[in-house]
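Please look over the sequence and the model, then read the notes below.

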Amino acid sequence: MNSSIIEILTPRYELAWYPWAVQYFFLIAISYSALLLSLPGTIGRGQLAQRWQPMARLALLITLTCTLVAPVALLADLHQPMRFWHFYTNATPTSWMSIGSILLPLYLISVLAYVWLAWRPALQKARAGSGFRPSIAKVLSFGDWQASRAILTTVALVATLFAFGIMLYTGAEIAIIKARPLWHTNWLPIMFVTTGMVAAAGLVILLNRWMSPEREGREDINRQGLKVILIAMLISALVATAWFVSGFSGHSDSVAAALQSIQANSDWRLSAIWALVAGVTLFVLAGLALKAGNQARSVLNWAWIVGLLALHVGWAFRWMVLMEVQTVAKNTAGYYQLVVELGSYGLMGIIGTFGLWLAALLLIDLFIPWQGKAQLEAQHG
Amino acid sequence: MDFARRAILGQIAKLTAGAALVPLASITMSSSAVASPINSQPARREGDASKRYGMLIDLRQCIGCQACTVSCHIENEAPLGNFRTIVSQYEVSNESTGDFATMMLPRLCNQCENPPCVPVCPVQATFQRKDGIVVVDNEACVGCAYCVQACPYDARFINKKTQTADKCTFCAHRLEANLLPACVESCVGGARIIGDMRDPSSQISKMIAQHRSELMVLKPEQGTLPQVYYLGMDERFLSRPQAEPALWDVRDMDGKEIGYEFLDH
């Protein structure tokens, strides 16, 4: 018997998580990925350190700014942000979000300590002279004592440990939600990390265009960033394939749910095609840029476009996962409407987060010698 | 691609088959708190441990009048557009004969024996009482909406007035005053039966015993062990039904969508 069903009355609920959540997941993923990118050049030794040092400068700047701004977006996603202290008075070991609320400040403190230690030699040198910048350097360098390399390495490793904690909790928090089959897959946390790496390398390449101090190092940074994008995209493609194949085994409803939505909803179809086109374009463009770079041709003038596209892929993945999936009604027919309002729960929230990040970036660029030796020489010379 | 879809959708059908399996065994199960690994149920608190409230909805008696929806709305002061309970109404047509039938499906919180909304709460604001009712302490709730995501029944929402999570509580405040929940009180057909399932002489216990093999719960494959039982249920409606939404976009005379009142509240 074939029957067709019409649902006559359906309530239309608003989405419970705002675009703030996308901003948090985006910034925190860039933060931990940039932290990893900064490690070889900061705590590595010999040739390795030398090769990755220019990249590490930008990566440190990125990890610090994103780590500072991400929690603001997270706080804004709470409907009762002033009650955030309940997280600490009512800590709940059964909840991944509660575990995250413990990890996040520890991660933030360890990143602050790590970046501060890495920048401290430059800060100490910048104390010479009078004026605003030297006085800031005097305050921030906290005296003449020298931090040993072992301290820097230890703090970097502690920050890395917490970074893995952030990767784990942000992924698990979403993946355990059985009620949303699209989220309920073990491949999702891995995908968050690989696309986060794509976005972080993209941001490195983008900032490299305008903020890198040394002309000669910039082509190297681009090549390294492009390589990271290529590898991370390749792993993302493998993860996506594995996820798709897992749908056939019957262990996960995630794939079936995705196909169902793509079949039933034109927005989803468009998003799926967009994701595929953007991903393939990014991979091809990054490959072409890397090839040109390896042939000693300058890609400085256009590699930043690849960087922007990489940022788009990282952001759009999170938008799709966190926002579009919420439009799938769990009980009723059809889809809830995803309305991005102009106010702080919508567009202003998205723009505001990026604005805050830009402000943090510019303030650091103005007052802190994050570029190290090169910047100091330029200022004094 | 089409083959792939069919193969995968077939897997889902297998999962939802055997849906009539009803988690009644859980009623007698005592819930003891074990050391809490992540995402396991925390200890229950408050409420009368000698009781286990449940609801039986006799769909044969439901006429879809929405009296429950309205009385709940008034009793619990939910903002416009949000519902602690609502009756889904479906029009089912037989494509070969052209016959029509209507299906009324009252929905509310299932007060699950294994509620997925509880362990995710990062501040222990939502918890299950010893009598099985899942409640929210909206003085503690931070409004993170994690529980809203975790509920497979869309039974929770963020209340725009309080900016905290809101849900059906079986009208716990009325039960404590020996009153029936608003929806049960106002039900024209007497379709909603609430009671203590640990008391063998309660009406709900008797009806469960009488109709045990016919009872069904929503989305049994989720493992939530819902404690709202449906009598006279059609298996096609256990999970999100494959249905076309109607009265979804309400349009005015010019074909322009009318703004929803609740958007501004």
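How many bridges join strand S1 of chain A to S10(B), and do these strands run parallel or antiparallel? In this predicted model, S1(A), residues 3–9, is joined to S10(B) by three bridges, and the two strands run parallel. S1(A) is also joined to S2(B), by six bridges, and that pair runs antiparallel.

**The sheet**
- Four strands form an open sheet in the order S3(B)-S2(B)-S1(A)-S10(B), and their pairing is mixed.
- Strand S3 (100–107) and strand S10 (243–245) of chain B are at the edges; each has a single partner strand, so one side of each has no neighbour in the sheet.
- From one strand to the next, the twist averages 30 degrees.

**Residues opposite each other**
- On the parallel side, where S1(A) meets S10(B), A:Glu7 stands opposite B:Pro245.
- On the antiparallel side, where S1(A) meets S2(B), A:Leu9 stands opposite B:Gln89.

**The contact between the chains**
- Chain A puts 49 residues into the contact, and chain B puts in 60 residues.
- On the side of chain B that touches chain A, at least two residues each come from helix H1 (2–16), strand S2 (86–94), helix H4 (117–120), helix H5 (146–150), strand S6 (157–159) and S10.
- S2(B) gives the most to this side of chain B, with eight residues.
- The residues on this side of chain B comprise 36 nonpolar, 17 polar and seven charged.

How values were computed:
Residues are numbered from 1 along each chain as its sequence is written. Chains are lettered from A and ligands numbered from 1 in the order in which they are written. This is a predicted model: local features need pLDDT of at least 70, side-chain atom pairs count only at pLDDT 80 or more; totals for chains, interfaces and linings use all residues. Two strands pair if DSSP finds at least two bridges between them. Axes are lines fitted to C-alpha atoms, for helices over the stretch in contact, and angles run from 0 to 180 degrees between N-to-C directions. Two residues are in contact if their C-beta atoms, placed from the backbone, lie within 7 Å. Ala, Val, Leu, Ile, Met, Phe, Trp, Tyr, Cys and Pro count as nonpolar, Asp, Glu, Lys and Arg as charged, and the others, Gly among them, as polar.
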